[in-house]
Amino acid sequence: MRRTDKYRFWIVIALLVALQFSVRSRLGSARVAPDFLLLALLIYSIRSPAGVSALAGFLVGLAGDALTPATFGAGMLAHTLVAYFASWAKAVFFAENLFVNGCLFFGGTWVRNLIVALVSGKLKGGMLGWELLVWSPLQGLTTAIAGVVVLVMFREWLAVRRADA
Amino acid sequence: MALGQDRYASRGDTAVFIVCIALSLVSMSLPERMREGIAAALRDTVLLPLLELQDQSEQLRTSRARFTAVMAERDSASLAAAFLPELRAENDRLRALLGLGQRLGSGFVPAEVLHQSSPVDPLTLLVSAGHKAGVTPLAAVVAPAGLLGIVRVVNNETSEVVTWAHPEFRASAMAADGSVFGIVAPFSTEGPDVWLLELRGVPYRQTVANGTVIVTSGLGGVLPRGIPIGTIMGVARETEWERVYLVLPAIHPAAASHVLILRTGVGRPAPDDLRGAFGVGTAAP
């Protein structure tokens, strides 16, 4: 791998982080808008060892919790679990396929929201049902679409061998 | 893409994972004040550039929304300003009409000149008062400035008015001081001169100065005396025994939006002499 490829990968990650804090608020309801930060974490995790992914997930969760202190800790736990298992599952089960990656983005978003909702204890009864059956799937879908678009647009830049990431 | 090393999760990976999980659980169990302290510290340091980026983005969005709102307000203000002169003019006309109504006291029917959406005879008008309001044929239709025309056809709710520009219009007229009598008629039946009047039948030996106000004379019993018709502009032509004078009408039909229709005969008719109401000279008997 060329040295510049590594920088390109981080440029894409930085772009996603910037999108999270600049464009996301203009993409409609926060419940449905794609989570670019989680997308960056998942793209990073499926190319990284499980331990590093877990640490990255923990830091992303910490950043998210710092912005929403009411659920402090829930985001860390959720992102750690999602990042770790995304890395592990990608290594064990999945092939390099656009559709599979899309499903991973969708599932990762839904599971993250499920863990946050359950652990934080903020949602109960019908609201929890709506969150898990309506809003989370919708956000998973938009995140998956955004992820597929990113993978297609930056196919060459993101084609980093796992051992080098 | 090459997938992983020989082991998908080494002991080190598992240890890091467990530590992260433990830290997460510890964070959740921290006291509220400590949580808020950590969160605030992160927001003020590591996350500050990202929050500023978010703030800039929000400002940009709200600035555009504010700009759009200001543009809309400016357009509304421009539209209102465009209508302002017309509204002022109409207000002045209505005030003048109210003043005329008060001076007349009684014997009139107020009416509005109705908008005619289809091309019709431009020399006639439709007004919003008819038989039910007490309008009768040949009643004088006046505006604050003077005579506009005569009612020709009366319906239940509306009336058709022949303006002074109509070829069939005639009115017995005199100078405001009563020194000269004649017949007022449209100056021409076509072209721009259709919007002028002429005073016919003035004996050759009599002269009428430019600017003399011409009013209805009341002779013939159709129109009351003293309604302004126009002012003398000059001599239009001369014959062996008479001079015909050009008269600038007191009011243009297009300028009238609200009018008064004078009652005749029935109920409480308008006074026979309206020179006082219109503020013209009363020297003549």
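Good morning. I begin with one residue of chain B, B:I261. Setting aside residues up to four places away in sequence, B:I261 touches B:F108, B:V109, B:A111, B:V127, B:A129, B:V135, B:A139, B:V141 and B:V151. Please keep in mind that this is a predicted model.

B:I261 belongs to the largest nonpolar core, which has 56 residues. Which of its members touch the most others? They are B:V141, B:V142, B:L148, B:I214, B:I229, B:V259 and B:I261. Strand 4 of chain B, residues 146-154, supplies the largest share of this core, namely five residues. Apart from this core lies another, of 48 residues, and among them are A:L16, A:A63, A:M76 and A:F105. As general background, nonpolar side chains tend to be buried together in soluble globular proteins.

Let us turn to strand 4 of chain B. Is this strand mostly covered or mostly exposed? It is mostly covered, with seven of its nine residues buried. On one side of the pairing, strand 3 of chain B, residues 140-143, runs antiparallel to strand 4 of chain B, and four bridges connect them. Within strand 4 of chain B, B:G146 is the residue opposite B:A143.

Four residues form the link in the hairpin that joins strand 4 of chain B to strand 5 of chain B.

Next comes strand 6 of chain B, residues 171-175, where four of the five residues are buried. B:T216 in strand 9 of chain B is the bridge partner of B:A173.

I close with helix 6 of chain A, residues 126-153. At 1.5 Å a residue, its 28 residues should span 40 Å, and the end C-alpha atoms are 39 Å apart, so the two values agree. Where does helix 6 of chain A bend? The bend, of about 35°, is at A:L132. Among the buried residues of helix 6 of chain A are A:S136, A:G140, A:A144 and A:L151. Thank you for your attention.

Key:
Residues numbered from 1 in each chain as written. Chains lettered and ligands numbered in written order. Predicted model: local features only at pLDDT ≥ 70, side-chain atom pairs only at ≥ 80, totals over all residues. Core = buried A, V, L, I, M, F, W, Y, C linked by C-beta atoms within 7 Å. Buried ≥ 20, exposed ≤ 12 C-beta atoms within 10 Å, placed from the backbone. Helix = DSSP H or I, 4+ residues; strand = E, 2+ residues; numbered from the N terminus. Contact = placed C-beta atoms within 7 Å. Pairing = 2+ DSSP bridges. Expected span 1.5 Å × (residues − 1). Bend = angle between axes of the 7 residues up to and from the residue.
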